[in-house]
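Have a look at the structure first.

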Amino acid sequence: MGKLEPLPGTSDLWHPEAAEWVRLENTARRVMGLYGYAELRTPIIERTDVFVRGIGSDTEVVQKEMYTFTDRGDRSLTLRPEGTAGVMRAIANQGVGEGEEKRVFYCGPMFRGERPAAGRKRQFHQIGVEAVGKLTPLLDAESMVMLFDYLRAVGIDDFRLLLNSRGTREDRQDASRTLQEHFRPHVEEMCEDCRRRLDSNVWRILDCKVEACRGFVAQAPPIVDLLSETSRAYFGQVQRALDAFGIAYEVAPHLVRGLDYYEHTVFEVVSDSPHLGAQNALAGGGRYLIELPGSRKPIPGVGFALGMERLMMARHRPRQESPGHGPVDVFIAILGDQAEVCALQLSRELRARQVRVLCETEGRSIKAQMRTADKCGAELAVIVGGEELAAGQVTVKYMRESRQEQIDREHAAPSIAATLGRKEDPEGMY
Ligand code: AMP
């Protein structure tokens, strides 16, 4: 049978990269926890409607990228392409009272039918946060500060924060006309999608990735200049708060991000790491106003999502060959059938002390067993054999030094655990 590769745009994640992944998630839980965000796990699969309403039917994601199918009950279901819509559905079910706030953190796989490339996958993973219920510039700034804290905590330094404002829905009505006037004379030279967007949703043009369209976008008036006094003041407050926090940013005059519900602040973190290439956006987010079913008026929120694959690329840890098993501290070699029970007992005693153990299971020659002990990366090999047992002892071989010693079977587990300095928190095992 030939090799069965994972689908294009998806991949298998082996140790030690899988362990790195867990570390990135746990660091996010810790850092976001410092800001009062608590984890929310929503289903990976939802009714299609959750995304169409949550993300907007006129978006690139909904129109071109969703994995949607009809299930046996004739329901239209979708694999989540992003986290916010599901989070909002969950929050709507609980309700957000007047003056109340919900702060949630999420992470996990997302699915988009995009053309796979370096840093662009069909199953990718995001870490995201949402603070729902309050509208204040300080909260927008705090969300970006938290993103900075997280990136620094996972060892990423070479990035830039791009910042802009899209004002409010009312601002955008006037601004839309100005933008349409700007683009209309060039519409024939723009891509097919943008020709349609000119009248249906001119803001989408600002987010177009086609080179020809980007040229006309660069000449468009800065969005902030088209906003009301109040919205500009809000944006000024966000910038002053970031200054006070000592966070550097660049105003990106045409950054609007892909979704309609963004209001006021939008931001993106791009990496300058040479390992990312064209897909250099590490994270994106902003403030939004969203209609939750059952609430009297739209609810404000602010949040962002980070791409974990790109985080891994930006960190650029050299790829290591996977050994096919987890890290091992001790290999237990067995000499003779009688030693088996003793070896199995010892392996349990060691594991109870947080020592990672591989134990021989096949009764092979001692030479073959020691080869495994060497290959699996164990620091110690413990040899349990007839002779040792008779003397009430086991042999401990220090794999990185050329020495070995006999120790009492009775005290073997605590003694080996102490040699390995195994007092650590079980979390550290991963
Ligand atoms: P978005 O939800 O499109 O704003 O994306 C937020 C972040 O998720 C981006 O900045 C990327 O880091 C990451 N991301 C989005 N789409 C993909 C993808 N197809 N493959 C890998 N990462 C992605």
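Strand S10 gives the shell around the ligand its largest share, 3 residues. This is a predicted model, so read what follows with that in mind. In total, 14 residues surround the ligand, and the closest are Arg-112, Glu-114, Lys-121, Arg-257 and Ala-281.

| Residue | Protein atom | Ligand atom | Distance |
|---|---|---|---|
| Glu-114 | polar side-chain atom | nitrogen | 2.5 Å |
| Gly-307 | polar backbone atom | oxygen | 3.2 Å |
| Ala-283 | polar backbone atom | oxygen | 3.4 Å |

How much of the ligand does the protein cover? On its own the ligand has 480 Å² of accessible area, and the protein covers 87% of that.

Now for the packing. Nonpolar side chains tend to be buried together in soluble globular proteins. Here the largest nonpolar core holds 45 residues, and those touching the most other members are Met-32, Ile-127, Tyr-150, Leu-151, Leu-242 and Leu-306. Helix H5 (residues 137-153) puts in the largest share of this core, with 9 residues. Take Leu-151: setting aside neighbours within four places in sequence, its contacts are Ile-156, Phe-159, Val-269, Leu-282, Leu-306 and Leu-311. Another core of 30 residues lies apart from that one, and its members include Met-88, Leu-259, Ile-299 and Ala-305.

Last, the backbone. Most peptide bonds are trans, and most residues other than glycine have a negative phi. Where does a cis peptide bond turn up? One joins His-15 and Pro-16, with omega at about 10°. Pro-16 belongs to the segment before helix H1 (17-34).

Positive phi values turn up too. Asp-74 isn't a glycine, yet its phi is near 65°. You'll find Asp-74 in the loop between strand S3 (67-70) and strand S4 (76-79). Is Asp-74 buried or exposed? Its relative accessible area is 67%, so it counts as exposed. Gln-354 is another non-glycine residue with a positive phi, about 70°. Its loop runs between helix H12 (339-352) and strand S13 (357-359). Gln-354 has a relative accessibility of 23%, so it counts as partly exposed.

Definitions and conventions:
Residues are numbered from 1 along each chain as its sequence is written. This is a predicted model: local features need pLDDT of at least 70, side-chain atom pairs count only at pLDDT 80 or more; totals for chains, interfaces and linings use all residues. Side-chain values use heavy atoms; hydrogens and water are left out. Helices (H or I, at least four residues) and strands (E, at least two) are DSSP runs, numbered from the N terminus. Buried means under 20% relative accessible area, exposed over 50%, partly exposed in between (1.4 Å probe, protein chains only). A nonpolar core is a set of buried Ala, Val, Leu, Ile, Met, Phe, Trp, Tyr and Cys residues joined through side-chain atoms within 4.5 Å. Contact means heavy atoms within 4.5 Å. A residue is near a molecule or strand if one of its heavy atoms lies within 4 Å of it. A polar contact is a pair of N or O atoms within 3.5 Å; within protein, one must be able to donate a hydrogen and the other to accept it, and residues adjacent in sequence count only if both atoms are side-chain atoms. Accessible areas come from the Shrake-Rupley method with a 1.4 Å probe; for residues, only the protein chains shown count as cover.
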